[in-house]
Amino acid sequence: MAANSSSTVSKPSNIIGGKQSGPSAEQVVAAFQRMRSEQRSMASKAAELEMEINEHSLVIETLKDVDPTRKCFRLVGGVLVERTVKEVLPALGSNKEQISKIVESLNIQMQTKGRELTEYREKYNIRLVGEGEEGQGKSAATSNGGGSKGGAGVLVS
């Protein structure tokens, strides 16, 4: 009967003195992957908006030399609207400025997220696959022990 009761008890891996010492390796990796994903989505959105800025610049340059009273058509919310060049040029300029401000804001957010990622990697001793293999001379399996700062060395692919 004693054999049955001991087989159901699991050994907690990161509990010290009844308190948890930190998140598990899986939780650390999941959080790191989520942060990387957020940074990548910001970068792709910034690239998309940069392309829009380039398109706006191209249209503005093209319309500068056109007669201001000439008809032009603009897509507004999925509806094609007839306007004059004189009406469209200022709107395009203001749209371009607003998009530029959004891109600047995204770049600042990406830098902040990059710093957070770096701090998180250092805190939990996270090593990416293929990173630092030639200089350190130790594998990911041997980096788990020793003097890590509160967390086990985590290998992220």
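This is a predicted model: local features need pLDDT of at least 70, side-chain atom pairs count only at pLDDT 80 or more; totals for chains, interfaces and linings use all residues.
## Arrangement of helix 2 and helix 3

Two packed helices are described by the angle between their axes and the distance between the axes. Helix 2 covers residues 25–64, and helix 3 covers residues 85–123. Their axes come within 8 Å of each other and cross at roughly 160 degrees. Because angles over 145 degrees count as roughly antiparallel, helix 2 is roughly antiparallel to helix 3.

The crossing of helix 2 past helix 3 is left-handed. The residues that form the contact between helix 2 and helix 3 comprise 23 nonpolar, 10 polar and 10 charged.

## Residue H56

H56 is located in helix 2. Its relative accessibility is 15%; since buried means under 20%, H56 counts as buried.

When neighbours within four places in sequence are set aside, H56 is in contact with L92, N95, K96 and I99.

## Residue V28

V28 also belongs to helix 2. With a relative accessibility of 2%, V28 is likewise below the 20% limit and therefore counts as buried.

The C-alpha atom of V28 is separated by 9.4 Å from that of R121. Along the chain, V28 and R121 are 93 residues apart.

How values were computed: Residues are numbered from 1 along each chain as its sequence is written. Side-chain values use heavy atoms; hydrogens and water are left out. Helices (H or I, at least four residues) and strands (E, at least two) are DSSP runs, numbered from the N terminus. Buried means under 20% relative accessible area, exposed over 50%, partly exposed in between (1.4 Å probe, protein chains only). Contact means heavy atoms within 4.5 Å. Axes are lines fitted to C-alpha atoms, for helices over the stretch in contact, and angles run from 0 to 180 degrees between N-to-C directions. Angles under 35 degrees count as roughly parallel, over 145 as roughly antiparallel, 65 to 115 as roughly perpendicular and the rest as oblique. A crossing is left-handed if the near helix is turned anticlockwise from the far one by less than a right angle, and right-handed if clockwise. Ala, Val, Leu, Ile, Met, Phe, Trp, Tyr, Cys and Pro count as nonpolar, Asp, Glu, Lys and Arg as charged, and the others, Gly among them, as polar.
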